[in-house]
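Grab a pencil and work through these exercises with the model open beside you. Each task is followed by a solution that goes step by step.

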Amino acid sequence: MRAAAEFVRLHHAEEGLGDPGPRLAAVRVEIAGTGTYRHTRDELVFGARVAWRNANRCIGRLYWRSLRVVDRRDVTDAEEVAAACAGHLREAGGGGRIRALITVFAPDAPGRPGPRIWNEQLVRYAGYPGPDGSVTGDPRNTGLTALARRLGWPGGPGTPFDVLPLVIQGTDDKPRWFALPGDAVLEVDLVHPEYAWWGRLGLRWHAVPALANMCLEIGGVCYPAAPFNGWYMGTEIGARNLADTDRYDLLPLIAEHLGLDTGDDRTLWKDRALVELNRSVLHSFDRAGVTVTDHHTESRRFLAHLGREQRRGRAVGADWSWIVPPISGSATPVFHRTYEIVERHPAYVHHAEARARAAGGADDTFTRSAGLV
């Protein structure tokens with residue numbers, strides 16, 4: 001009730017809705033009778049948008065009010081969730097014009113959990129471990145890949161970019177796998193503005209970064225399945241997903257093709273390969289007509305967001321280690337200042353069990369309840 005009251009007062013104050021007393025009284029009655037309460041459509045939209053505004057790790061919050069909210073709180077069945085997730089990707093992809101979008105499924109309630117999406121994102125690539133310890137695909141997803149196989153997924157063709165199925169657990173149900181339709185997954189083939197050989201590397205990435213395993217918490221109510229997306233900043237793909245040593249680790253391959261001396265870090269071969277990989281991402285998305293932003297532009301936009309919020313009397317929380325881009329940090333204006341991490345609600349929250357599910361497992365109690373042992 002404390003969390004509900006705080007949220008209702010915030011909603012009324014920011015939206016100019018007048019006295020929150022009648023709504024608070026109605027919420028108290030509903031909680032007393034059922035142990036929870038149902039948000040109005042306007043409350044749900046406001047809560048989802050403010051949760052984005054409150055995201056300490058997100059640099060792209062300038063457009064938080066543009067988030068489109070799809071209300072699917074009537075959906076608890078895994079098959080319906082899967083179909084709606086495919087619809088989410090189609091709408092968010094928009095033929096290349098990426099839209100900020102969230103689809104909110106049924107919340108947790110006393111005695112009745114809401115549905116769960118086990119995947120970290122709606123689109124992720126499989127990771128297939130080899131006998132020599134190497135991984136074909138994305139090493140981050142080896143656990144979820146193995147789980148999907150245990151649930152009956154036959155696996156993909158075995159390329160480095162096989163799209164994983166969705167693993168979804170409906171209310172009072174066991175997890176099941178659902179293949180994403182091909183027309184729901186927008187991908188971009190990576191080429192380079194100067195090097196013709198780049199296209200022969202067979203690299204690509206998906207266009208919609210739809211986070212799927214974070215809980216949307218609004219006024220004490222948890223929506224465990226609420227996939228949401230903005231659009232990619234190029235460095236997320238070129239400096240992290242494709243470059244991190246525990247992900248695709250492509251810098252040695254790129255450096256070899258560029259003819260760089262990799263025998264000594266002082267040649268800065270990693271830095272040179274990293275820049276070209278990031279050029280490839282931005283060039284390829286632009287060439288395909290797919291929305292992507294660069295870290296210099298997004299850094300300026302974040303400072304514009306800071307100024308706008310401060311003029312409205314709202315302090316902005318931020319995690320410096322996430323706000324500063326993973327390439328050329330000191331060349332961006334967000335590097336040269338400090339930030340305070342401020343936990344505010346509504347919020348998108350990572351729960352420990354959701355992280356475990358995304359890795360393909362969970363604690364023993366949850367695993368038994370899911371029917372996996």
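**Exercise 1.** Work out how helices α1 and α2 are oriented relative to each other, and which residues make their contact.

*Solution.* Start with the angle: α1 (residues 2-15) and α2 (residues 21-34) pack at about 155°, with 10 Å between their axes. Axes here are lines fitted to C-alpha atoms, for helices over the stretch in contact, and angles run from 0 to 180 degrees between N-to-C directions. Now apply the cut-offs: under 35 degrees is roughly parallel, over 145 roughly antiparallel, 65 to 115 roughly perpendicular, and the rest oblique. So α1 and α2 come out roughly antiparallel.

Next, the contact, which means heavy atoms within 4.5 Å. From α1 come Ala4, Ala5, Val8, Arg9 and His12, and from α2 come Arg23, Leu24, Val27, Arg28 and Ile31. Sort the residues of this contact by class and you get 6 nonpolar, 1 polar and 3 charged. For the sorting, Ala, Val, Leu, Ile, Met, Phe, Trp, Tyr, Cys and Pro are nonpolar, Asp, Glu, Lys and Arg are charged, and the others, Gly among them, are polar.

Before going on, a word on the ground rules: this is a predicted model, where local features need pLDDT of at least 70 and side-chain atom pairs count only at pLDDT 80 or more, while totals for chains, interfaces and linings use all residues. Residues are numbered from 1 along each chain as its sequence is written, and side-chain values use heavy atoms, with hydrogens and water left out.

**Exercise 2.** Describe how α6 packs with α8.

*Solution.* Helix α6 (residues 234-241) meets helix α8 (residues 269-288) at an angle of about 145°, and their axes are 9 Å apart. On the α6 side, the contact uses Gly234, Thr235, Ile237, Gly238 and Ala239. On the α8 side, look for Leu274, Leu277, Asn278, Val281, Leu282 and Phe285. By class, that contact has 7 nonpolar, 4 polar and no charged residues.

**Exercise 3.** Is Thr36 buried or exposed, and what does Thr36 touch?

*Solution.* First find Thr36 in the loop between α2 and α3 (41-53). Its relative accessible area is 19%, so Thr36 is buried (buried is under 20%, exposed over 50%, partly exposed in between, with a 1.4 Å probe and protein chains only). Setting aside residues up to four places away in sequence, Thr36 touches Glu30, Ile31, Ala109, Pro110 and Val221.

**Exercise 4.** Step back and size up the whole protein.

*Solution.* Along the principal axes, the C-alpha atoms fill a box of roughly 70 × 55 × 35 Å. Of the 373 residues, 51% count as buried. Finally, take the contacts with a separation of 6 or more: residues 24 or more positions apart account for 68% of them.

Technical notes: Helices (H or I, at least four residues) and strands (E, at least two) are DSSP runs, numbered from the N terminus.
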